[in-house]
Amino acid sequence: MKQLFIDAGNKQSHISKNIFGHFSEHLGRCIYEGIYVGENSKIPNKNGIRTDVFEALKALEVPVLRWPGGCFADTYHWMDGIGEKSQRKKLVNVHWGGVTEDNSFGTHEFMNLCEELGCEPYVAGNLGSGTVQEMAQWVEYMTFGGISPMADLRRKNGREKPWKLKYFGIGNENWGCGGNMRPQYYADLYNQYQSFCRDYGDNQLFKVACGPNAMDYNWTDELLKTVRPWHTKAISLHYYTVPYGNWEHKGDAVDFTDEEYYETLRAAMQMEEIVTRHLEIMSRHDPKHEIGLIVDEWGNWFDVEKGTNPGFLYQQNTMRDAVTAALNLDIFISHSDRIVMANIAQVVNVLQSVILTEGERMTKTPTYHVFDLYRRHMEGDRVYSTCDSVSYENAPMLSHSASVKDGKLSLTVTNASLTDAQEIEVSVKDFAVNKVKAEILTAPDVREHNTFDSPETVKLADFTDYEISGGKLKIKLPKCSVAAFTIE
Ligand code: AHR
């Protein structure tokens, strides 16, 4: 029997709901088909936003949505995506499949979507190929309530009030697709561009500088020598899980071996070391921790589904994705004193999506259900907890998070083993375990996934394989599962 101890009175850090954030790029079928089908589509929609996807995202309480990229962001000229749709410029999406971008989804469509979802927009500005003036005018267009050329243009395009915009990224991956810059050069440009992105009225921008790629610790070190807390609220980090780090052959999303499964877990767990080391470097430059870390692209990256456009990054999603999503979220929660946001890539039809669509049909992926289970940690306080460690092939077999909110204790536990169920005895200090409600996500095989013909093969179920005895919670957790407990 494994021991899991929770000290419910020992609060460690606040868990921002933004850790459970999402990312939407003009890439493949994420925006077009996935989110936006246009007003004239026969797929049920409101103002062109497909209703089924909107409702699924609303149910997930999506806290923040990043847009328009990704690499697309540093090619995006926002003025192409405003005004009468038939007049908008048609362009080539040079990064993603060379398809036509008709700009029918632009600033108004995105900002209105966020308003309707009740989530924070997180806009990535174009530093790589756009001008300072263009970026400054975009902020003015979105957030200025007075009389000005950009605010007047917004009104002419049908939006009287400014939108509320907090999160604003100054470029994306400027070490790579966003301009192949050196950190020193980017840092200087960051300072310049951000200077002209103003706070209008009571709108206060939370400016995000482009941080490192994965283990590029030099980028963080150099960037932090230049950017300052009074104009930089956070830096970003991108790290994707690719089995064996082999970008040429990332492996099939469904047809993988047990060995590849454990390797995927190991690769996912590298996030812990990567985050820890970047945070250490940040601490040296910013000892008061005024600059946060945002992991604004993370997730599993496998080979595209056979027969699909290689530039569309469309992949299926199995229980393997569910388990690695839980492991990553546990890492972010454990660092929630410094990680202020994370955005899984990407929300619909691209990489480790929470939703897949095909024509009129939609399915929620196993990853969706993990985000659903973890909703209970949103805006909670992480409390001290520890669990007997069990690992296999350098991957943890048990992972968990515990938080308190509104007088309730929430516990999520993952059993990553493909072979062994785990008996776990949960002892809780400073909290009486009287009533428990639990849900579980599991499947007989780790390769199980949802298809459009069978959209509920993997879904949440009530979980009852536990007992309360002597004030302790005793759980029998099946192999390959993610469970969540609400304790009162
Ligand atoms: O999410 C897909 C791509 O991965 C993004 O466009 C880019 O930022 C990253 O390299």
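How many residue pairs are in polar contact between domain 1 and domain 2? Let's work up to that. What you have here is a predicted model, where local features need pLDDT of at least 70, side-chain atom pairs count only at pLDDT 80 or more, and totals for chains, interfaces and linings use all residues. Residues are numbered from 1 along each chain as its sequence is written, and side-chain values use heavy atoms, leaving out hydrogens and water.

Start with the layout. Domain 1 covers 3-7 + 384-487, and domain 2 covers 16-379; these bounds come from an automatic or database domain assignment. Taken over C-alpha atoms, their centres sit 29 Å apart. Domain 1 puts 43 residues into the contact and domain 2 puts in 40, with contact meaning heavy atoms within 4.5 Å.

Now for the area. About 3,300 Å² is buried between the two domains, 64% of it from carbon and sulfur atoms. Buried area is the accessible area (1.4 Å probe) that two parts lose on being put together, summed over both. On the domain 1 side, Lys405, Arg447 and Phe452 lose the most, together 22% of what that side buries.

Arg447 turns up again in a salt bridge with Asp258, where the closest N and O atoms are 2.5 Å apart. Between the domains there are 3 salt bridges (a side-chain nitrogen of Lys or Arg within 4 Å of a carboxyl oxygen of Asp or Glu).

And the opening question? There are 21 residue pairs in polar contact, both residues at pLDDT 80 or more. A polar contact is a pair of N or O atoms within 3.5 Å; within protein, one must be able to donate a hydrogen and the other to accept it, and residues adjacent in sequence count only if both atoms are side-chain atoms.
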